[in-house]
Amino acid sequence: MATRTFGHVTVTLPELDEPGLYLANVVTLDSPHGIVRDFAYSDADLRSLELADTRLITGRVSGVRSKRVAFEAVSLHGVEIVGSDLGSVRWSGGKLTRVVLRDCRLTGAAPPGTLPSLV
């Protein structure tokens, strides 16, 4: 597993390019079962992106533009978010594990005290 070190913190990155891993294209991050796994979600222009009580596991979000993002008890594990513009981000509860944000804009993000725990 690839890692990066920032000062005294070492971060383990998600392994999304490993042989045999197939990410299925999805048209929504919402799921009736509350889990979206092995997914690729891309190129979406949204007015609002709202998720609650959802786990996103092993996936890539790219080229997503949303004016308003509201996540409540949303957990990400092994997820890469690339080239996305997420506005007015409000995130309560949940957990981030092995998550990478690259070339993203988080306009109006909530203060750090309301972001999910980072593991």
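1. Threonine 97 counts as buried, at 16% relative accessibility. Buried means under 20% relative accessible area, exposed over 50%, and partly exposed in between, with a 1.4 Å probe and protein chains only. Threonine 97 sits in strand E7. Its C-alpha atom is separated by 4.7 Å from that of histidine 77, 20 residues away along the chain.

2. A word on the model. This is a predicted model: local features need pLDDT of at least 70, side-chain atom pairs count only at pLDDT 80 or more, and totals for chains, interfaces and linings use all residues. Residues are numbered from 1 along each chain as its sequence is written, and side-chain values use heavy atoms, with hydrogens and water left out.

3. Confidence comes next. The pLDDT is the predictor's confidence in each residue, from 0 to 100. Its mean over the protein is 85, and 83% of the residues reach 70 or more. Strand E4 has the highest confidence, at 94. Strand E9 (residues 117–118) has the lowest, at a mean of 56.

4. The protein has nine strands and zero helices. Helices (H or I, at least four residues) and strands (E, at least two) are DSSP runs, numbered from the N terminus. From that end, the elements run β-β-β-β-β-β-β-β-β.

5. Some totals. Of the 119 residues in the protein, 35% are buried. The protein exposes about 7,300 Å², and carbon and sulfur atoms supply 52% of this area. Areas come from the Shrake-Rupley method with a 1.4 Å probe; for residues, only the protein chains shown count as cover. Contact means heavy atoms within 4.5 Å. Among contacts with a separation of 6 or more, 12% link residues 24 or more positions apart.

6. Leucine 29 is in contact with Val36, Phe39, Tyr41, Leu51, Thr54, Leu56 and Val61, leaving aside neighbours within four places in sequence.

7. Strand E6 (residues 89–92) shows alternating side chains. Val89 and Trp91 point to one face and are buried. E6 runs parallel to E4, and four bridges join them. Two strands pair if DSSP finds at least two bridges between them. Serine 92 in E6 stands opposite glutamate 72.

8. Which loop holds serine 84? It is the one between strand E4 (35–82) and strand E5 (85–87). Serine 84 is buried, with a relative accessible area of 3%. A polar atom of its side chain lies 3.1 Å from the backbone oxygen of valine 82. A polar contact is a pair of N or O atoms within 3.5 Å; within protein, one must be able to donate a hydrogen and the other to accept it, and residues adjacent in sequence count only if both atoms are side-chain atoms. Beyond four places in sequence, serine 84 is in contact with Val61, Ser62, Gly63, Val64, Asp103, Cys104 and Arg105.

9. Cysteine 104 occupies the loop between strand E7 (95–102) and strand E8 (105–107). Cysteine 104 is partly exposed, with a relative accessible area of 26%. Not counting residues up to four places away, it touches Ile81, Val82, Gly83 and Ser84. Cysteine 104 and leucine 86 are 18 residues apart in sequence and 7.5 Å apart in space, C-alpha to C-alpha.

10. Serine 66 lies in strand E4. Is serine 66 buried or exposed? It is buried, with a relative accessible area of 5%. Its side chain has a polar atom 3.3 Å from the backbone nitrogen of leucine 49. Leaving aside neighbours within four places, serine 66 is in contact with Leu46, Arg47, Ser48, Leu49, Asp85, Leu86 and Gly87.

11. Aspartate 53 has phi near 50°, a positive value in a residue other than glycine. Aspartate 53 is in strand E4 and is exposed, with a relative accessible area of 58%. Threonine 58 is found in strand E4; its phi is near 55°, a positive value in a residue other than glycine.
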